[in-house]
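Here is a friendly walk through one part of a protein model.

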Amino acid sequence: MACKFLPSRERDLCNMPPRCVSYIMPEFNRATLEALRQPLESGRVTVARANAHVTYPARFQLVAAMNPCRCGHLMDPNRACARGPRCGADYQAKLSGPLLDRIDLTIDVPAVAAADLALPPPAESSADIATRVAAARTVQRERLAELDAKGKLTTVEADPAAGLLADRARNWSKPRCNADTDGALLAAIAEPDAEGRALLARAAERLGLSARAWHRTLRVARTLADLDGSNAVRRLHIAEALSYRRPQTRSMLAA
Ligand SMILES: [Zn+2]
């Protein structure tokens with residue numbers, strides 16, 4: 001539990017239950033949104049003060065939504081945004097490039113027309129999808145358990161000098177799914193085949209992918225391969241993972 005004397009945004013981050021889902025929009029204060037960057041990257045948040053700094057667990061899954069512009073009509077073919085395209089540019093600029101770079105899956109959702117409401121339900125139900133997701137997570141757990149049995153997984157060590165005390169270090173368990181993996185472990189489980197690696201290298205050059213985006217793309221591709229029942233991360237998994245990344249310019253990433 002976070003200290004009640006922490007500033008509100010850090011206290012909120014620290015109090016997030018593990019794996020919870022949050023929801024943000026550009027209306028949120030910029031400083032509050034930027035405070036998400038560290039926990040989104042590392043699953044922890046460090047509060048620094050003059051005499052000490054302390055680190056808390058803050059691993060969560062972020063689900064965010066935003067309109068294309070403030071009035072919401074920018075991309076709507078039936079309604080015009082009176083201030084477009086500036087309306088959209090100003091509104092979307094409220095989310096910084098580095099924050100967007102930490103969001104793995106970005107999907108445009110068109111407005112639902114009245115005629116769409118009369119369509120039959122999708123062929124695959126939410127329950128069916130949940131079953132597929134559970135199966136993929138089982139594959140991930142078993143893969144990581146196998147690596148753990150070989151001594152390939154390390155735990156987070158307490159480090160009082162970095163504000164990471166023993167009781168908090170225990171809250172960072174060993175990785176249990178693809179989202180928890182990084183560094184050499186990610187490279188070991190998500191190495192794509194030759195075609196996939198070539199595609200990722202080309203995309204990194206053309207889209208200006210950051211090192212962070214490269215690793216996040218690999219992580220998503222590994223999960224897509226698991227959903228596909230494939231041991232290997234193939235070109236199509238890399239291609240689909242790349243399709244979910246929001247294109248960004250280098251100047252946005254440096255913001
Ligand atoms: Zn607008």
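Helix α8 (residues 183-190) and helix α10 (residues 211-227) pack at an angle of about 45°, and their axes lie 10 Å apart. Axes here are lines fitted to C-alpha atoms, for helices over the stretch in contact, and angles run from 0 to 180 degrees between N-to-C directions. The two helices are therefore oblique to each other; angles under 35 degrees count as roughly parallel, over 145 as roughly antiparallel, 65 to 115 as roughly perpendicular and the rest as oblique. Two residues are in contact if their C-beta atoms, placed from the backbone, lie within 7 Å.

A word on the model itself: it is predicted, so local features need pLDDT of at least 70 and side-chain atom pairs count only at pLDDT 80 or more, while totals for chains, interfaces and linings use all residues. Residues are numbered from 1 along each chain as its sequence is written. Helices (H or I, at least four residues) and strands (E, at least two) are DSSP runs, numbered from the N terminus.

How buried is α10? Of its 17 residues, 12 are buried, so α10 is largely enclosed by the rest of the structure. A residue is buried if 20 or more other C-beta atoms lie within 10 Å of its own, with C-beta atoms placed from the backbone. Among the buried residues of α10 are Ala213, Leu218, Val220 and Asp226. The buried residues of α10 pack against α5 (97-101), α6 (126-149), α8, α9 (194-207) and α11 (235-243). Just after α10, Gly229 takes a positive phi of about 75°.

Two of those neighbours, α9 and α11, also pack together: their axes come within 7 Å and cross at roughly 25°. That makes α9 roughly parallel to α11. In α9, Glu195, Gly196, Leu199, Leu200 and Ala203 meet Arg235, His237, Ile238, Ala239 and Leu242 of α11.

Here are the two pairs together:

| Helix pair | Angle | Axis distance |
|---|---|---|
| α8 and α10 | about 45° | 10 Å apart |
| α9 and α11 | roughly 25° | within 7 Å |

Stepping back to the protein, its secondary structure comes to 12 helices and four strands. Buried residues make up 21% of its 255 residues.
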